[in-house]
Each structure stands twice: as C-alpha cells, then as structure tokens.
Amino acid sequence: RRRAQRQAGDLPGAGIEASYVDEEGGKVCTVGLVTVGDEVLSGKCQDVNTGYVCELLRKCGVRLQRIAVVGDNVDEIAQVVAQFSSTYSAVVTTGGVGPTHDDVTLQAVAKALSRVVEHSPALAEVHRALAEKRGWDSPVPPPSPSPAEESGAAPLSIAASPNPGGRKQFLLPAGTELLCEEGKDYPLLRCNNVYILPGVPVFMREQLQHAARIIGDGCHARTARQGRLSSEES
C-alpha cells in the first residue's frame, strides 16, 4: 500500500531522503532503530529501551519500521546504519557513545556515512560548561546514575551526566550537529539523518523525546510543503 521514493546522494547514506507515500498520497515518517551493545546480545543487560522507543515514536506519528541489535563491532554497526539511513526517513542509534574502548558507535556512524572522525570544539565546550556548572574536575567522570535512575524508575539526580569521560567523547563524525534544547544541559547529536543517543535509559528517553519531535515535525513539514506546491501547480 506504500511506495518508496528515494533520491541518491553522492555518499552512501549521505544526502538521501527516504519517504513513504500511501495510496492517498499521505506521508509516513519511518525510522530504523539500531541498538548497540554486546551486553544486550549476551543478556547481561535487559533491553528496556526498545519498547519506549516504539511507544513514543508512535505517539509522534512516526513509524518504527525495523529494529536491529548489533554488538560492539564498527563494521557491523556501520553496515546496518548505512542500510537504514538510505531506506528510512531517519535512523536512531542507542548505546556505544561512552568513553571506554568498546564504545564505537560514533566511529561506526562516521564509517557508514563516509565521514571522517574529528575533534569537536563545540562538544568539548559543552562538557567544560557542564563540569563547571556541576562542580566536576573535568574530564574525570562524575558519579554514575543509580540502577533505579538508569532504568527510569527514579528521577535523574543532579550528580549524573549523560556522557561523562575524557577526550574520546569529543570526537564526532564530521558534520555532526549539536541540537540544543532549552533547559537541557546536553545536546542531541545528529549526523545526516542519524540521531545518536546514549544507551542509559534515563538519558536515552530524554534525548529521544527531542529527536522524535524533530523527526516528526520535519516529515509533517515536508508533507505540508509538498501539498502547497501541488496546489500551486494545479
């Protein structure tokens, strides 16, 4: 009942906008979700994010079209992200953005979109300002959120930080946008049509709300604009 309309860009996954049109010509926003983490595949960490993603996107008028769970492997993550980026309106990744050696999502997104990884002065400034605001000796990691905070069962305390850590976390795929929201300390990361979220549920949920609004508003705005153009042409 839907047909895909695609426009190819110069780079794999870059400059590509995938739109889905039903028989009545209405726009359907689609998203591919990529959950990253060996701990999810091994069962050591229960995935509490996927259900929340499904529910929130549906409420925003966005269809979650496909879900992939991938281990901490750059090539495997990049392959899935590239495919989703060229197929769906947007991609949401969760997990793998911390400071440890096995946090490779940002590197994988860069590879998927044929981008280099580069130092982001803007992100470094975000960390510096956050450390100053909360009294941390940056880049020393602040206290981790409690298990209840991580699961979303308890409100986030002021001690917790979405992306604590050092220099590695200032490295982003070239062209990554830092989308700031009023009242929030940490920006949402977007590279092309890929939204890069943390895996800790309490942080993921906060950033997903921002991402879902942007994705939904963008699709609806394009639909309205196309409708106006069609009316003018007729």
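This is a predicted model: local features need pLDDT of at least 70, side-chain atom pairs count only at pLDDT 80 or more; totals for chains, interfaces and linings use all residues.

Colleague: How many cavities of 30 Å³ or more does a search of the whole structure find?

Modeller: As a general idea, rolling a probe the size of a water molecule over the atoms shows where empty space is left. In this case the search of the whole structure returns three cavities of 30 Å³ or more, and the second largest cavity has a volume of about 60 Å³.

Colleague: Which residues line the second largest cavity?

Modeller: The lining consists of L179, C180, E181, K184, Y186, P187, L188, E206, Q207 and H210, which divide into five nonpolar, two polar and three charged residues. Helix α7, spanning residues 201-233, gives the most to this lining, with three residues.

Colleague: Turning to strand β5, are its faces covered or open?

Modeller: Buried here means under 20% relative accessible area, and by that cut-off five of the five residues of β5 (residues 90-94) are buried. Both faces are covered, with A90, V92 and T94 on one side, and V91 and T93 on the other. β5 also pairs in the parallel sense with strand β10 (residues 194-197) over four bridges, and within β10 it is I196 that stands opposite T93.

Colleague: Which residues of helix α4 are buried?

Modeller: In α4 (residues 105-112), six of the eight residues are buried, namely T105, L106, A108, V109, A110 and A112. The helix is followed by S114, whose phi is positive, near 55°.

Definitions and conventions: Residues are numbered from 1 along each chain as its sequence is written. Side-chain values use heavy atoms; hydrogens and water are left out. On a 1 Å grid over the protein atoms alone, a cavity is a set of points where a 1.4 Å probe fits but cannot get out, and a pocket is an open set with protein on both sides within 12 Å along at least five of seven lines; lining residues have an atom within 4 Å of a point. Grid points are joined across faces, edges and corners, and a volume is the space filled by probe spheres set on the points. Helices (H or I, at least four residues) and strands (E, at least two) are DSSP runs, numbered from the N terminus. Ala, Val, Leu, Ile, Met, Phe, Trp, Tyr, Cys and Pro count as nonpolar, Asp, Glu, Lys and Arg as charged, and the others, Gly among them, as polar. Buried means under 20% relative accessible area, exposed over 50%, partly exposed in between (1.4 Å probe, protein chains only). Two strands pair if DSSP finds at least two bridges between them.
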